[in-house]
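Have a look at the coordinates alongside them.

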Amino acid sequence: MTAQTNKTLMEGIMDELSRGNGKPFVDAMAEDFSWTLPGRNAWSGTYSGKREVRERLLAPLFAQFATKYCNTARRILADGDFVVVECQGAVTTKTGKAYDNSYCYVIRFEGGKMKHLNEYMDTSLVEEALEAPDRASAA
């Protein structure tokens, strides 16, 4: 896959995510996809495998949302197998807090699928707006 092909794929995924449709994002994950959240909060770490990402990261995250989660790309850059997405999320939690985080995703593609994602964000906002994930229930 070329850089332009990967960029075009990510543009389509982010276009759908800006409307609250996360299915294309999940569909683009390889089965052995991994997602890393650097930092030192309850959400930090690497989630390995599409199943673990869905069960231990996305499910506890989305369970806290009262409104549809939207994420709008501001800039998408591509270089070889890597696509960088600067984007802005928008959602309200069930506790009434705005969780409008800014992100930078560095995504490595392989064979038209997302293989790994590094997510950089406002970790202070994570601690202010979100409850810690219940990792024990996913084991």
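Which residues does Ala-28 touch, not counting residues up to four places away in sequence? Point 1 takes that up.

1. Ala-28 and its contacts. Bear in mind throughout that this is a predicted model. Leaving out residues up to four places away in sequence, Ala-28 touches Ile-13, Lys-113 and Met-114. You'll find Ala-28 in the loop between helix 2 and strand 1. Ala-28 counts as buried, because its relative accessibility is 7% and the cut-off for buried is under 20%.

2. Overall fold. The protein chain has four helices and six strands, and in sequence order they run α-α-β-β-α-β-β-β-β-α. Its radius of gyration is 14 Å, which agrees with the value near 14 Å for a compact globule of 139 residues. Along the principal axes, the C-alpha atoms fill a box of roughly 40 × 30 × 25 Å. Of the 139 residues, 40% are buried. As for contacts between residues at least 6 apart in sequence, 52% of them join residues at least 24 apart.

3. The largest pocket. Its volume is about 330 Å³. The lining has 24 residues, and the closest to the pocket centre are Trp-35, Leu-58, Leu-61, Phe-62 and Tyr-69. By type, the lining divides into 18 nonpolar, three polar and three charged residues.

4. Where the lining comes from. Several elements supply at least two lining residues each: helix 2 (23-27), strand 1 (29-37), helix 3 (50-62), strand 5 (102-110) and strand 6 (113-121). Helix 3 gives the most, with four residues.

5. Lys-23 is exposed, at a relative accessible area of 53%, while Asp-27 counts as partly exposed at 35%.

6. Lys-50 pairs with Glu-31, and here the closest N and O atoms are 4.0 Å apart. This pair links distant parts of the chain, since Lys-50 is in helix 3 and Glu-31 is in strand 1, 19 residues apart.

7. A salt-bridge network. Arg-108 forms a salt bridge with Glu-110, the closest N and O atoms lying 3.4 Å apart. Shared partners join Asp-32, Arg-108, Glu-110 and Lys-115 into one network. Both Arg-108, at 28% relative accessibility, and Glu-110, with a relative accessible area of 45%, count as partly exposed.

Notes. Residues numbered from 1 in each chain as written. Predicted model: local features only at pLDDT ≥ 70, side-chain atom pairs only at ≥ 80, totals over all residues. Heavy atoms only, no water. 1 Å grid on protein atoms, 1.4 Å probe; cavity = no way out; pocket = protein on both sides within 12 Å on 5 of 7 lines; lining within 4 Å. Points joined across faces, edges and corners; volume = space filled by probe spheres on them. Nonpolar A, V, L, I, M, F, W, Y, C, P; charged D, E, K, R; others polar. Buried < 20%, exposed > 50% of the residue type's maximum accessible area, 1.4 Å probe, protein only. Salt bridge = Lys/Arg side-chain N within 4 Å of Asp/Glu carboxyl O. Contact = heavy atoms within 4.5 Å. Rg over C-alpha atoms; globule rule 2.2 N^0.38 Å.
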